Amino acid sequence: MMIIELNQRQETILQIVKDNGPITGEQIAEKLSLTRATLRPDLAILSMAGFLDARPRVGYFYTGKTGAQLLTERVKKLTVKQYQSVPVVVNESASVYDAICTIYLEDVGTLFVINGDSHLVGVLSRKDLLRASMGKQNLESVPVSIIMTRMPNITMCHEGDLLFEAANKLINKQIDGLPVVRDVEINGNIKYEVIGRITKTNMTKALVQIALDDFH
Ligand code: ADP
């Protein structure tokens, strides 16, 4: 299966390089009776996609990698930063009622809970809020800090993490989302600032972009 659709000319160039590489752009152009300038975009695509490699003064050579290998390499390079969404946070003193309003208004599945210093202290899921609503308490007087999943039991990720590693955490922990955090050191202790959100929806979007070959 060819993951990146090559056009007829690119296929021909690939074959020429396979048979004759290393070969210069000039020489490829000569074989095709085209100018070097006409070939430039095709050579750029083949190099960017990883089918060809170029060495200065030597020319182009075939990398020998299959479409599937190249796809795997590209998928493994995707980072959280490329796909993360804006996080939605509530303060730990907010009521369960406020959190329910926020989760509806912001149209998210997970809220991150922060303290007065804006550091991550907990996570609230839809079911956490549903469970709390089933009791007899007055939802306006119960703070979210009572019902949230709290630190240090929060699964997090960083902007530079690989997307597939974040996906793996979602699967292993059976959760819908992760806070993307930045570490801050306060008096020798590490605290976390929430700078993003990565969810199953982001993973689905990544999958669609990969299928449409619209990812980098
Ligand atoms: P839901 O409970 O609505 O199905 P999740 O599967 O995401 O949503 O959450 C399941 C439980 O895991 C909830 O109690 C929630 O507080 C907790 N949880 C959600 N995300 C995280 C996370 N990133 N780290 C730790 N716990 C989490």
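1. Ile 16, which sits in helix α1 (residues 8–20) of this predicted model, touches Gly 21, Ile 23, Ile 28, Lys 31 and Leu 32 once residues up to four places away in sequence are set aside. Its relative accessibility is 12%, so Ile 16 counts as buried. Between Ile 16 and Asn 187 the separation is 171 residues in sequence and 63 Å in space, taken C-alpha to C-alpha.

2. One of the contacts of Ile 16, Gly 21, is joined to Pro 22 by a cis peptide bond with omega of about 0 degrees, and Pro 22 belongs to the loop between α1 and α2 (25–32). A cis peptide bond is also found between Met 151 and Pro 152, where omega is about 10 degrees; here the proline lies in the loop between β6 and α9. Both deserve a look in the model, because most peptide bonds are trans and most residues other than glycine have a negative phi.

3. The backbone at Arg 57 takes a positive phi of about 65 degrees, although Arg 57 is not a glycine. Arg 57 is placed in the loop between β1 (52–55) and β2 (59–62), and with a relative accessible area of 85% it is exposed. Asn 187, likewise not a glycine, has a positive phi of about 50 degrees; this residue is in the loop between β7 and β8 and is exposed, its relative accessible area being 76%.

4. Val 96 touches Leu 129, Ala 132, Leu 139, Val 142, Pro 143, Val 144 and Ile 147, not counting residues up to four places away in sequence. In soluble globular proteins, nonpolar side chains tend to be buried together.

5. Helix α7 (126–134) has Asp 128, Leu 129 and Ala 132 as its buried residues. These cover an arc of only 95 degrees around the axis, and they are therefore on the same side of α7. They pack against α6, β5, α8 and β6 (149–150), whereas the face turned away from the buried side carries the exposed residues Lys 127, Leu 130, Arg 131 and Met 134.

6. In helix α9 (residues 163–173) the buried positions are Leu 163, Ala 166 and Leu 170. Seen down the axis of α9, the buried residues fall within an arc of 65 degrees, so they line one face of the helix. An α-helix has 3.6 residues a turn, so residues three or four places apart point the same way. The buried residues of α9 pack against α5 (80–83), β7 (177–186), β8 (189–199) and α10 (200–211), and on the face turned away from them the exposed residues are Ile 171 and Asn 172.

7. Val 181, in strand β7, is buried, because its relative accessibility is 2%, below the 20% cut-off. Leaving out residues up to four places away in sequence, Val 181 touches Leu 120, Met 156, Cys 157, His 158, Tyr 192, Glu 193, Val 194 and Ile 195. Of these, Cys 157 is 24 residues from Val 181 in sequence and 6.2 Å from it in space, C-alpha to C-alpha.

8. Asn 115 has its place in the loop between β4 (110–114) and β5 (120–125), and is buried, with a relative accessible area of 17%. Leaving aside neighbours within four places in sequence, Asn 115 is in contact with Asn 91, Glu 92 and Val 121.

9. The largest pocket holds about 420 Å³ of space and is lined by 17 residues, of which Val 123, Ser 125, Gln 174, Ile 175 and Asp 176 lie nearest its centre. The elements that give two or more residues to this lining are β5 and α7, and α7 gives the most, with four residues.

How values were computed. Residues numbered from 1 in each chain as written. Predicted model: local features only at pLDDT ≥ 70, side-chain atom pairs only at ≥ 80, totals over all residues. Heavy atoms only, no water. Buried < 20%, exposed > 50% of the residue type's maximum accessible area, 1.4 Å probe, protein only. Arc of directions from axis to C-beta. Contact = heavy atoms within 4.5 Å. 1 Å grid on protein atoms, 1.4 Å probe; cavity = no way out; pocket = protein on both sides within 12 Å on 5 of 7 lines; lining within 4 Å. Points joined across faces, edges and corners; volume = space filled by probe spheres on them.
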